[in-house]
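Here are a few notes to read alongside the model. Take the points in order, and keep the 3D view open as you go.

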Amino acid sequence: MKKFIDNPVTLLDTSLQGFSKAHADIVELHTEPNFVCRKQRKTGKVALISGGGSGHEPLHAGFVGQGMLDAACPGQIFTSPTPDQMLAAATAVDGGAGVLFIVKNYAGDVMNFEMAAEMLESPNASVLVNDDVSLPKDHPIGRRGVAGTAIVEKIVGAAAEQGYDLAACKSLGERVVQATASMGIALTSCTVPALGHPTFEIAEDEIEIGVGIHGERGRETGKLVSASEMIETIAGHIQAELNPSAGQAALLHVNGFGATPLVELHLVYELAWRYWQKRGLNIQRSLVGNFTTSLDMAGCSLTLTLLDEEMLRLWDAPVNTAALRWGG
């Protein structure tokens, strides 16, 4: 294992200190317990809070700021944050209009966010993100929340910034989840620092189809084929899930898992764009890059969100975070 790490035990704390200094105009770091929150608070708006295990950066701390999250709670690598982190974050950023938790569908995240919600005395609600279509709808633990989480956070974050109330933010978030589907392919495993070696073995001529974002294996191991064939496979699952009509407006997100260069991610975008153009889809917005990573895994995922006019307007609304910045 070759990494820029002094000690796996102190990795997260040192990284958070560096992140907060690098983006001191946008965020503040609170410790004991750890959470990252907006530097410029805004009273009278719904406060959005998310979080999860570290190793997925810039998700979630990189999305704290104007137009997205008010706070993010980072757990240890691939480990859920604790209820006391979520409670402390909610208490710090509650602007008087309630708190909305955006939760990826992993058992630890769900359990700990539920505990925090029960302890929080102010009005609150939750949106559960389960956009990974590599698992069937009737899977015992449900579908995982993956790269579509960033899409939910951006659209709902803009709504909260514009004064939507708690019920409206929750309803919108659930609508975005229903309109979003994701699926990924890995070319390599990732290496968790505390483990010191790749999470799983994969041959040079193999790929993992339908991976999650915690270094777990996919739904199946396949042979390495052309990029066009790989993208056709995962796009086909997303197409079957959403079944969009011709002319439907959509956002196409190509997400890197941490070790795939942009030259390849943009190639993937072109291939996915061609796939859906042939099927009459109207790709109106895009997002390409490493946004929901899995440490140093090579691979990528596709996320498709079917847009209505409200969602399109909110996507275009100004945002100023470490990872996403556009508008006035």
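1. Let's begin with charges. R38, K42, K45, D70 and E161 are joined in a network of salt bridges, a salt bridge being a side-chain nitrogen of Lys or Arg within 4 Å of a carboxyl oxygen of Asp or Glu. Side chains of opposite charge can pair when their charged atoms come close. In total, the structure holds 19 salt bridges.

2. A word on where this comes from: this is a predicted model, in which local features need pLDDT of at least 70 and side-chain atom pairs count only at pLDDT 80 or more, while totals for chains, interfaces and linings use all residues. Residues are numbered from 1 along each chain as its sequence is written, and side-chain values use heavy atoms, with hydrogens and water left out.

3. Now find D296, which forms a salt bridge with K3; their closest N and O atoms are 3.1 Å apart. D296 sits in the loop between strand 12 (282-289) and strand 13 (299-306) and K3 in the segment before helix 1, so this pair ties together parts that are 293 residues apart in sequence. Helices (H or I, at least four residues) and strands (E, at least two) are DSSP runs, numbered from the N terminus. D296 is partly exposed at 29% relative accessibility; buried means under 20% relative accessible area, exposed over 50%, and partly exposed in between (1.4 Å probe, protein chains only).

4. Which residue pairs with R41? R41 forms a salt bridge with E28, and the closest N and O atoms are 3.2 Å apart. Because R41 lies in the loop between strand 2 (35-38) and strand 3 and E28 in strand 1, the pair ties together parts that are 13 residues apart in sequence. R41 is partly exposed, with a relative accessible area of 40%.

5. K170 and E174 are four residues apart in helix 5 (residues 166-178), so about one helical turn separates them. E174 counts as partly exposed at 36% relative accessibility.

6. Next, the largest pocket, with a volume of about 550 Å³. On a 1 Å grid over the protein atoms alone, a pocket is an open set of points with protein on both sides within 12 Å along at least five of seven lines, whereas a cavity is a set of points where a 1.4 Å probe fits but cannot get out; lining residues have an atom within 4 Å of a point. Grid points are joined across faces, edges and corners, and a volume is the space filled by probe spheres set on the points. The largest pocket is lined by 26 residues, and S15, S54, G55, E57 and L295 lie nearest its centre. Helix 1 provides the largest share of this lining, five residues.

7. How many cavities of 30 Å³ or more does the structure hold? The structure holds one, and the largest cavity has a volume of about 50 Å³. Its lining includes D132, S182 and F257. Strand 8 (residues 180-186) gives the most to that lining, with three residues.

8. Finally, H23 lies in the loop between helix 1 and strand 1 (27-30). H23 counts as buried, at 18% relative accessibility. The C-alpha atoms of H23 and T321 are 8.6 Å apart, though 298 residues separate the two along the chain.
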